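Me: Please examine the pockets of this model with me, taking one question at a time.

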Amino acid sequence: MGKTQDYIRYLGDDRLKDLSELPAFQKLLNIIINDPEQRYQFEIRQNEFTVYYNGGKLSCFKRNKHGKYTTDFDIDYCNNQGKKSVNRQQIEAIGNNNIDGFVNNLKIYTDEMDAWFDIYPKAERANQQILCKKFRTPNDVLWLLDIEFGVRGARFDMLGVDNAGNVKIIELKVGNGSISSRPKNGTDKLQSGLYKHYLDFLKVKQNEMWSMAVIETAKNNISIRKRLGLPTFDGKLNTSLQSIQFEIWLADYSEKGTVLGRELAQIKAAGGSEDIIKINPPYLADIKKEYR
């Protein structure tokens, strides 16, 4: 069943001390904070942290029992449609146990990712980066705290806080084909549609331990980002477990067909409201199903 702390995203004092004092991490944070294109995103996990670049995972940084850190750059980024990567040999030579080498040569890693993204564009990755750039600066909608946030088997696209301090769990759905929760063929397992995500939220909302993990993750995220000099929410957080809200953001939707009506009816029957679904709001105008 697990305990509350099993689902809280946090960084221990030793990790925070390292982020503040180790030259490699000081340099990395400086790159993240000062990048004019906001291509880098710093994400907190269970006593680990991950850096994303243009929506793709650059590396997760894990600390072993000896206090040493490892990286896990995906060497497959060097496989650019049969083209031999000029950086592969250097990347392999640096290895996964040299954070100084990793940070000091960061551009060779990001060059490989850029080359891969040019050949294999992925809308989900691009959309995630758009949301991070948009909602990690002052705006009227949301301060984005976490992406790909999971609690006890339920995974949501975003965890954030509105300007009134209310914690929000948000699921993004893009295009008409993403909203159905009808069971998969031959099973009782629901597809990952609107109704399915609402049921996942109810499980979290109705479980005090999981709700507490959501609030504690939000608190930790804000506190850690402030300590590291990363932009974040600067108001008073509503820490009431009952106040956690859920929204489904539906973008690039043509409002055709009967699927949305069926999903809404199921959500209402489960105690929800159609107000939780935001259909093509202006702040999602640049989120697309496909990028050509």
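Me: By class, how many nonpolar, polar and charged residues does the lining of the largest pocket have?
Reply: The model is predicted, with local features needing pLDDT of at least 70 and side-chain atom pairs pLDDT 80 or more, while totals for chains, interfaces and linings use all residues. Residues are numbered from 1 along each chain as its sequence is written, and side-chain values use heavy atoms, without hydrogens and water. Ala, Val, Leu, Ile, Met, Phe, Trp, Tyr, Cys and Pro count as nonpolar, Asp, Glu, Lys and Arg as charged, and the others, Gly among them, as polar. The lining has seven nonpolar, seven polar and seven charged residues.

Me: Which element gives the largest share of the lining of the largest pocket?
Reply: A pocket is an open set of points on a 1 Å grid over the protein atoms alone, where a 1.4 Å probe fits, with protein on both sides within 12 Å along at least five of seven lines; lining residues have an atom within 4 Å of a point. Here 21 residues line the pocket, Glu124 and Asp157 being among those nearest its centre. Helices are DSSP runs of H or I, at least four residues, numbered from the N terminus. The largest share, five residues, comes from H6.

Me: Which element gives the most to the lining of the second largest pocket?
Reply: This pocket is lined by 13 residues, including Lys122 and Arg125 among those nearest its centre. By class they are five nonpolar, three polar and five charged. With three residues, the element that gives the most is H6.

Methods:
Helices (H or I, at least four residues) and strands (E, at least two) are DSSP runs, numbered from the N terminus.
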